[in-house]
Amino acid sequence: MLYDNFANRHIGPRENEINEMLKLIGVSTLNELIEQTVPAGIRLHEPLKLQDVLTERQYYRKILSIAAKNKVFNTYIGMGYYDTITPAVIIRNVFENPVWYTSYTPYQAEISQGRLEALLNYQTMICELTGMEIANASLLDEATAAAEAMVMMMNLRTKQMIKNEVNVVLVDEKIWPQTHDVLRTRAFPLGIELRIQARENFEFTNDIFGIIVQYPNSDGEITDYSDLVKTAHEKEIKVAVATDLLSLAILIPPGEWDADIVFGNSQRFGIPMGYGGPHAAFFATRDEFKRSMPGRIIGVSKDVHGNKALRMALQIREQHIKREKATSNICTAQALLATMAGFFGVYHGQEGIKNIASRIHNIAAFLAIEIEKLGYKQLNTHFFDTIRFSLPKYVKSKDIIRLSLEFEINFRYFENGEIGISIDETTNIENIALILEVFAKVANKNRHTISEYPKYYSIDKKFARTSAFMKQEVFNKYRSETDILRYIKNLEHKDISLTHSMIPLGSCTMKLSAALEMIPLSWIEFNGIHPFVPKNQACGYHEIIEELRHDLAEITGMADVSLMPNSGAAGEYAGLMVIQAYHISKGEGHRNTVLIPSSAHGTNPASAVMAGLKTVVVACNEKGNIDLEDIKLKAEKYKDTLSSLMITYPSTHGVFESSVIDICDVIHKNGGQVYMDGANMNAQVGLTSPKIIGADVCHLNLHKTFAIPHGGGGPGVGPIAVAGHLVGFLPSHSVINNGHTGVNTVSAAPWGSASILAVTYGYIKMMGAHGLTKATKLAILNANYIAKALEKNFGVLYTGKQGRIAHEMILECKHFKTTSGITEEDIAKRLMDYGFHAPTLSFPVRGTLMVEPTESESKAELDRFIDAMNSIYNEIKEIEENIADKLDNVLKNAPHTTEVVCADKWEHSYSREKAAFPLEWVKENKYWVPVSRIDNAWGDRNLICTCGTPEEYKQLIKQE
């Protein structure tokens, strides 16, 4: 074995083990298995054309040289992105810690209590700072959060407004330009009219349902919106406010002047700029609107023993349940970044955050005075961190640009020649002196020597915050690094991640994110760059971006790729908007019908509705495949309005459908385009491609197939790849030219979550064409190995023509309920006692478990999972044969906590050892679940989404 070959480190099974696995499956070679799995008509006949593979050492040297091409200047551009100081204890123990970045979205709450608490802290911090009653656990970025606010206000219209077709949103012209762009994209297909005006010119006509303003505004000016909000509410108009979260430590929060929605970016809370992301957008609203709020909400509940337990609340709002009726298509959010921002708040508390905000304001105020002394005019009357100058006649902006670049400084330059300076947490005395020197030299003036930090400059009393915030214990307890470190570790130990065991979630692809792929993310050359700096300061980034576009285009067979979408769901939306723009360009904007198989991910219909499309469900046959006759029927029926088909391949049922080319041909013959959901690309890479099957556009989940970790629910990246006729419609950006010319903008930053693209870049470079293809083959091998081992006891619901599955399988569990009273949920909870995260529960078929092992898992780990599942099967048989009680058994009572197992009193009909150590190997690395099974319904009836005291919680239980 070549140990300097990265693919051999990424892939789990060894060559001798592969032969053993093939023998169990019943084939002689890996290629024979692939031939039986992937239809011959869609297989690639040539290897992928990628650059020569790199060893880990070669790649490390390469990424070092790329990083050196990025220039890290002192940047005062602002516009929603600011340099910040991430506490080293958070970088080392959260950002760089695989326990936090390899965990999954906390659907299985019992094994997710650590990150759920971290996210609850975040939500609480957002509520405290904004003055609102409830917040979600993050959205993708500030611009898309604005779009979500717009749609939420539309959904909150009164019955009379809906009847009168009220469809206008007033938008202040002084919000970020990237926010304007995303609002335009999202408004158009929904029939929302954006009326973008100066705030002072707002007219409250009868066709308005919402208002969006920014506080402070895009110039940096602080405006009192209280009268505006009062007038709007008198006319039943909702008001959403974009705000700078850090500023709210010293400014009156929007909640105190009755705003309905408050949103923005939490990036200033210790999250690096990263050339645009990823960052956690925040979103807060009134309690009465909670069921209309997009995104995940973490809530407090109790377990079966009455102990406090956390879980995701009000999930019925979400796309995986409500589908086309969901509040949003949000799936992946920015959980890891929200977790970090929450820890930033815990570490600093009210006093620390207020000090940071006050210091920033002091420096801005001092610079305003000193620069005016040099002959410039400061234009903002009231400001937090941003000052804006007009230039004297004898000063040219080009001279300031030239000298500032010599000093390695970036300012914001307005089209009219004015200059903006936004101060951040990192600004120090040396920076202040350099800024003044630039303005002085250009004006041919002398500046005073700066020897100490500026004195205190207070915010005008009419804007100054007087209310306390973040008084909860968690924000006042962990000030030393020792204490915060132990708190982080305490939470960490409550969760299952890939550091503990395989996460066999179907359709989630929980593969290895290798250490070397992750290391560059901590380097300042990547995370210290503002997204709107001149491109020549980000040459390293653009080398990665261009090579990645080429490589992903080669892998998909497509002509070009946009890296802008910052989640899989965002990629779906972007792909559909590209298709619609294409139809409009041909004078066929009336094409608004999308066909979606009944087995599709919930995000598909949710994204389609967001794109203004009407969804028509296509049936699946008894074998789980798309019904070809039904799709012919529906395509013919809707041929005059057919926009597209959304198809997942291999199917969500875990099978390569042999009729896929015929299906795509039907759509094309009836005037439609084919959108392929790339959720299952891990079974395609190097073996087939979206282009071969007939797709016109596809999105990819870089956080699945291409090794970016899931982060407990984000970040993700969902680039879209398109055929040649769609290249001209890929999303563009108005602030920085991202190389595309389409009219739509789908995220705040030109290249979305640019900093984590380095993970996928490293994965492709070190795997190479051969390694990527082998990874796909091993993903298919591992899945078929598990399927063969479990088919006798559980049954595999769907297989291909030759009895094979793709990279995942659906295990049948429904019959157990009839024979023993055991449900798929009982099996999922019992797996926790064995130290495993559950497979995907009851999706896409009720009463099942969907399992996806990925290529990264070794045979030993696969065997442990198989042993656990077969052991659980035997426990079910004991119930069926009346050896175990139907109500008091290890499955119904699972999972078992330390408190339960070690209690003085034990009244169960089975032993403590059977509860906690069902197999011998469990003792070697026992994971103790921190809470027993959680009562989800209680949590939704008694919704608590912020931190409270134990006494408050106990009182609520008594009342219930």
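Modeller: The axes of helix α3 (residues 30-37) and helix α25 (residues 757-790) come within 10 Å and cross at roughly 80°, where axes are lines fitted to C-alpha atoms, for helices over the stretch in contact, and angles run from 0 to 180 degrees between N-to-C directions. The structure is a predicted model, in which local features need pLDDT of at least 70 and side-chain atom pairs count only at pLDDT 80 or more, while totals for chains, interfaces and linings use all residues. Residues are numbered from 1 along each chain as its sequence is written, and side-chain values use heavy atoms, with hydrogens and water left out. Helices (H or I, at least four residues) and strands (E, at least two) are DSSP runs, numbered from the N terminus.

On the α3 side, Leu30, Asn31, Leu33, Ile34 and Thr37 meet Lys777, Leu778, Ile780, Leu781 and Asn784 of α25, contact meaning heavy atoms within 4.5 Å. The residues of this contact divide into six nonpolar, three polar and one charged (Ala, Val, Leu, Ile, Met, Phe, Trp, Tyr, Cys and Pro count as nonpolar, Asp, Glu, Lys and Arg as charged, and the others, Gly among them, as polar).

Elsewhere, seven strands form an open sheet of mixed pairing in the order β16-β22-β21-β20-β19-β17-β18, two strands being paired if DSSP finds at least two bridges between them. Its edge strands, each pairing on one side only, are β16 (560-562) and β18 (614-618), and neighbouring strands are turned by 25° against each other on average, direction ignored. Within the sheet, β17 (residues 593-597) pairs with β19 (residues 642-648) in the parallel sense over three bridges, and Leu595 has Leu645 of β19 as its bridge partner.

Two helices lie across this sheet: α19 (residues 539-556) covers β16, β21 (697-699) and β22 (720-722), running at about 120° to β16, whereas α21 (residues 603-610) lies across β17, β18, β19 and β20 (673-677), at about 175° to β17.

Helix α21 is also one of the elements against which the buried residues of α10 pack, together with α8 (142-155), β3 (168-172), β4 (193-197), β5 (208-215) and α20 (568-585). Of the 11 residues of α10 (residues 177-187), nine are buried, buried meaning under 20% relative accessible area, exposed over 50% and partly exposed in between (1.4 Å probe, protein chains only); among them are His180, Asp181 and Arg186.
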